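Please look over the sequence and the model shown here before reading on. The report after them takes up a few parts in turn.

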Amino acid sequence: MSALNSTAMASTLLRSTVFFFFFTFLLVTDIAYSQSFIGINYGQVADNLPPPSSTAKLLQSTSIEKVRLYGADPAIIKALANTGIGIVIGAANGDIPALASDPNFAKNWVNANVAPFYPASKIILITVGNEVITSNDQNLMNQLVPAIQNLQNALDSMSLGNDIKISTVHSMAVLRQSEPPSSGLFHPDYMSVLKGLLEFNNATGSPFTINPYPYFAYQSDPRPDTLAFCLFEPNAGRIDTNTNIKYMNMFDAQVDAIRSALNSMGFKNVEIVVAETGWPYKGDGDEVGPSLENAKAFNGNLIAHLRSMVGTPLMPGKSVDTYLFALYDEDLKPGPGSERAFGLFKPDLTMAYDVGLSKNGQSTPIPSAPANPSTKAPASPKPKAGGGGSWCVPKGGVSDDQLQANLDYACGGGLDCSAIQPAGACFEPNTLASHAAYAMNLFFQTAGGDPSTCDFSQSATLSSNNPSYNGCNYPGGGRT
């Protein structure tokens with residue numbers, strides 16, 4: 001057997017084990033409560049979708065709190081009334097010329113698509129066009145900001161301008177440079193339009209919305225280590241040579257590249273929203289990357305990462321609002337088979353695969369024993385005041401990728417890791433080793449001090465020495 005095949009098999013085994021690690025925790029602890037940073041895209045290029053009323057009930061059974069529509073279907077907007085689910089509606093690229101040239105068209109658009117439904121239907125954002133700036137349609141690009149401004153004026157005239165934001169969605173191709181993340185720069189051909197758009201975003205508090213897809217990054221560089229980096233799985237990491245920050249996943253690297261580009265233009269206060277990201281669970285035979293295993297790993301680990309509230313290296317301690325792609329498959333979409341295989345749910349409202357979004361704890365069957373036994377999940381989300389004088393800490397020499405996996409695992413299931421977030425009592429020293437140690441012990445104590453929960457793929461050990469320090473209290477025995 002070749003070394004390449006051996007590496008691929010080992011990588012597959014590791015991916016299965018690590019996904020089990022995250023996935024089991026999400027299911028057993030039943031932590032899928034609603035979280036405002038998790039949204040989903042609701043595309044309609046299909047002829048087999050369930051009624052909007054059924055979809056509204058489905059969404060209410062999940063921790064998804066926001067839905068992005070590509071248009072403004074009144075049936076869907078009505079169905080989501082009084083659910084508390086935030087709604088993003090869209091004006092099509094084809095609407096931009098009229099919105100830009102005719103303020104009355106903008107008022108009529110708001111009167112037709114917003115006024116009849118708001119506030120019962122919680123419309124939070126209007127996206128004007130999709131990936132317009134990278135369309136190479138110069139006329140459309142020049143009309144984008146005037147269209148957005150006319151819609152803003154229409155909202156303001158109805159006293160809705162502070163409640164409903166307006167933006168447009170960008171592909172990652174707006175960047176000329178994205179590696180390393182700290183050197184992220186927008187393409188000079190787009191600068192004039194972007195400047196006007198960002199000035200609008202900054203003035204109104206609307207987000208800069210992007211479509212980062214680690215899936216496409218892997219397709220352009222289909223090596224095993226790239227796959228692990230894209231799926232949030234253990235890997236050697238990639239060091240930003242400008243900052244010496246080690247990135248452990250592609251999602252953070254892509255988002256931080258946008259953050260750097262925004263900062264370089266002086267727009268440090270403009271927030272980022274991820275309008276789309278996902279991974280197809282199947283594709284054509286010649287497509288690289290689509291598989292059920294990869295889709296479950298990417299979406300499951302992304303959700304765990306968002307729930308951990310770790311954030312990205314350049315935006316720590318918070319999770320970027322992220323809209324998963326997608327709610328359902330769209331069977332009428334053109335293109336390769338993968339384009340019709342991004343759905344997390346089937347038209348019969350069952351899960352295509354389970355990534356821990358259900359509130360009621362329903363799950364798909366999980367293996368009775370993983371290839372390499374992982375730490376058991378705690379049964380209760382409340383840590384005990386005492387843990388028998390034992391604390392769970394990393395073993396010496398544990399790699400950064402294992403520490404990151406431990407941190408994401410421990411905090412990704414809903415435990416209160418605020419102590420290691422900025423301004424938290426245990427945030428300093430701001431190192432991966434320190435934060436992972438706190439999180440691993442919190443997980444162990446939450447499980448009642450069960451020794452079997454201090455394993456973390458054999459990277460943890462029990463210690464009788466209290467690691468608390470300088471106001472940072474590790475649960476288990478109190479400071480000595």
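## Model and confidence

This is a predicted model, in which local features need pLDDT of at least 70 and side-chain atom pairs count only at pLDDT 80 or more, while totals for chains, interfaces and linings use all residues. Residues are numbered from 1 along each chain as its sequence is written, and side-chain values use heavy atoms, with hydrogens and water left out.

The pLDDT, which is the predictor's confidence in each residue on a scale from 0 to 100, has a mean of 86 over the protein chain, and 85% of the residues reach 70 or more. Over residues 1–33 the pLDDT stays under 50, and for this stretch the model has 81 contacts (heavy atoms within 4.5 Å) beyond four places in sequence. Residues 362–387 also have a pLDDT below 50, with 61 contacts in the model beyond near neighbours in sequence. Where pLDDT is low, the predicted coordinates should not be read in detail.

## Helix 7 and its surroundings

Helices (DSSP runs of H or I, at least four residues) and strands (runs of E, at least two) are numbered from the N terminus. Helix 7, residues 191–204, has 14 residues and reaches 20 Å from its first C-alpha to its last, close to the 20 Å expected at 1.5 Å a residue; the expected span is 1.5 Å times one less than the number of residues.

Which residues of helix 7 are buried? Val193, Leu194, Leu197, Leu198, Phe200 and Asn201 are buried, where buried means under 20% relative accessible area, exposed over 50% and partly exposed in between, with a 1.4 Å probe and protein chains only. They lie on the same side of helix 7 because they cover an arc of only 155° around the axis, the arc being that of the directions from the helix axis to the C-beta atoms. The face turned away from this buried side carries the exposed residues Ser192 and Ala203. The cover over the buried residues includes helix 6, strand 5, strand 7, strand 8 and helix 10. Just after helix 7, Gly205 takes a positive phi of about 75°.

## Parallel strands

Strand 8 is covered on both faces, with Phe208 and Ile210 buried on one side and Thr209 and Asn211 buried on the other. Strands pair if DSSP finds at least two bridges between them. Strand 5 and strand 8 run parallel and are joined by 3 bridges, and Val169 has Thr209 in strand 8 as its bridge partner.

Strand 8 also pairs with strand 11, residues 272–277, in the parallel sense over 3 bridges, with Ile210 opposite Val274. Strand 11 in turn runs parallel to strand 14, residues 322–324, through 2 bridges, and Val274 stands opposite Thr322.

## Helix 11

Helix 11, residues 292–308, is mostly covered, with 14 of its 17 residues buried. The residue that follows helix 11, Met309, has a positive phi, near 60°.

## Nonpolar cores

A nonpolar core is a set of buried Ala, Val, Leu, Ile, Met, Phe, Trp, Tyr and Cys residues joined through side-chain atoms within 4.5 Å. The largest such core has 98 residues, and those with the most contacts inside it are Ile89, Ile126 and Val128. A second, separate core of 26 residues includes Leu407, Ala410, Ala419 and Cys426.
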